[in-house]
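Here is a short briefing on one protein chain. Keep the sequence and the 3D view open while you read.

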Amino acid sequence: MSSGVIQIRVKELGIKKVLNNYPPRIVTSKYGVIRVNTNAYKQLKRWLGGNIVANAPNARDDLFGWLRTWNGELWLFRVATDAYVDFDPAHVLEYVRSLIPEWDEIRAGSLYGKGVYMLEGARYAEGVWGVRGNGVVKGIWLRTGDDGYTAIRIRPFYLFPKEISAIILPNSVSRRLHVSSRTILERVRQDVDASLATLKTFDIEPLKDLPVPFTVINNLARKVRGFANYWRQFSQVYGSNAYALAITLGRVLTTTSGETRERVANLLVELTAYPRDFIEVYSQVEKTVPRELVVEGGEE
């Protein structure tokens, strides 16, 4: 276990009250007021059926909380069962880097390798690497953390530098849980190999042949902030097709962070893996049009 980390059964924390702050704080009989990592809070609610105060005394015996001091405050940074494997994010970052030693570090807007860092008491690692050729960067994006929620995610992507758009491609596995210290690096290697295979064989050009109805754009504009403005820009260049849609979502991805970026990344995987199904699902008619999509003489 990492130095300075406290592991304690959730039922022994003595949770008395949840304070309405962000990130959340909880009042405990054992440690007083402690901060809670946002992702750990999600896990705590899930394990305790949503009612943290009432259900904490009856928590499973193998349900633990991990605490660490960060910025002068005590943080509950992870909630998991004793099956969780505490694996150093820095080790994962170094291992993936060793598998692609000739690749360059890549930055696309707000998407770049932050290395190892701490946030809300948890330790994270992020790496973005790629190789350039024919105007496109083929890359791998790694993100991992020890908050019991982030797991290990390895994603292949195409980066279009001119558009500052990173299009996440489908992969056989994109999320590895911390379940075995003996096999975790082997599984990471498999994910890197799968990403390299995707980058070698994936063809994005057929997306240009798939028209995208306006209802798709309307629906996505409701879900993804900033989407409408980028769609205006890229659809004028590439037309109203799935290729322009991918470029647009990829640009949103490089201008956002956190959970918003994760949601956009998942949308891109759905689009690139099953473009026709994606278009069909998001073609359901909505009654109104977001203001950003309304133009003079256009649809109302």
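Which residue in strand 6 is the bridge partner of Leu67? The partner is Leu76. The model shown is predicted. The points below start with the whole chain, then turn to strands and single residues.

**Whole chain**
- The chain has 300 residues, and 51% of them count as buried.
- Its secondary structure comes to 9 helices and 14 strands.
- Along the principal axes, the C-alpha atoms fill a box of roughly 65 × 50 × 30 Å.
- Take the contacts with a separation of 6 or more: residues 24 or more positions apart account for 60% of them.
- The accessible surface is about 14700 Å², and carbon and sulfur atoms hold 47% of that area.
- There are 40 positive and 32 negative side chains. The centres of these two sets lie 5 Å apart.

- An open sheet is built from 6 strands in the order 1-5-6-4-3-2, with mixed pairing.
- Strand 1 (6-9) and strand 2 (15-19) stand at the edges. Each has a single partner strand, so one side of each is left without a neighbour in the sheet.
- On average, neighbouring strands of this sheet are turned by 35 degrees against each other, direction ignored.
- Strands of a sheet pair through backbone hydrogen bonds, either parallel or antiparallel.
- Strand 5 (residues 63-70) and strand 6 (residues 73-81) run antiparallel and are joined by 8 bridges. The Leu67 and Leu76 pair links these two strands.
- Helix 1 (residues 38-47) lies across strand 2, strand 4 (32-36), strand 5 and strand 6. Helix 1 runs at about 45 degrees to strand 6.

**The hairpin of strands 10 and 11**
- Strand 10 (residues 115-119) runs antiparallel to strand 11 (residues 122-133), with 5 bridges between them.
- Val116 has Ala125 of strand 11 as its bridge partner.
- The hairpin has 2 residues between the strands. In this hairpin, Glu120 takes a positive phi near 50 degrees.

- Beyond its neighbours within four places in sequence, Thr248 is in contact with Phe227, Tyr230, Trp231 and Phe234.
- Phe160 lies in strand 13 (residues 152-160). Phe160 also counts as buried, at 9% relative accessibility.
- Which residues touch Phe160, leaving aside neighbours within four places in sequence? They are Val136, Ser165, Ile167, Ile204, Tyr243 and Ile247.
- Phe160 and Ile247 are 87 residues apart in sequence. Their C-alpha atoms are 8.2 Å apart in space.

**A partly exposed residue**
- Asp104 has its place in strand 7 (residues 104-105).
- Asp104 has a relative accessible area of 41%. Buried needs under 20% and exposed needs over 50%, so Asp104 is partly exposed.
- With neighbours within four places in sequence left aside, Asp104 is in contact with Val128, Trp129, Gly130 and Arg132.
- Asp104 and Val188 are 84 residues apart along the chain, and 19 Å separates their C-alpha atoms.

Definitions and conventions
Residues numbered from 1 in each chain as written. Predicted model: local features only at pLDDT ≥ 70, side-chain atom pairs only at ≥ 80, totals over all residues. Heavy atoms only, no water. Helix = DSSP H or I, 4+ residues; strand = E, 2+ residues; numbered from the N terminus. Buried < 20%, exposed > 50% of the residue type's maximum accessible area, 1.4 Å probe, protein only. Contact = heavy atoms within 4.5 Å. Areas by Shrake-Rupley, 256 points an atom, 1.4 Å probe, with all protein chains shown as cover. Lys, Arg positive; Asp, Glu negative; His and termini not counted. Charge placed at Lys NZ, Arg CZ, Asp CG, Glu CD. Pairing = 2+ DSSP bridges. Axes fitted to C-alpha atoms, helices over the stretch in contact; angles between N-to-C directions.
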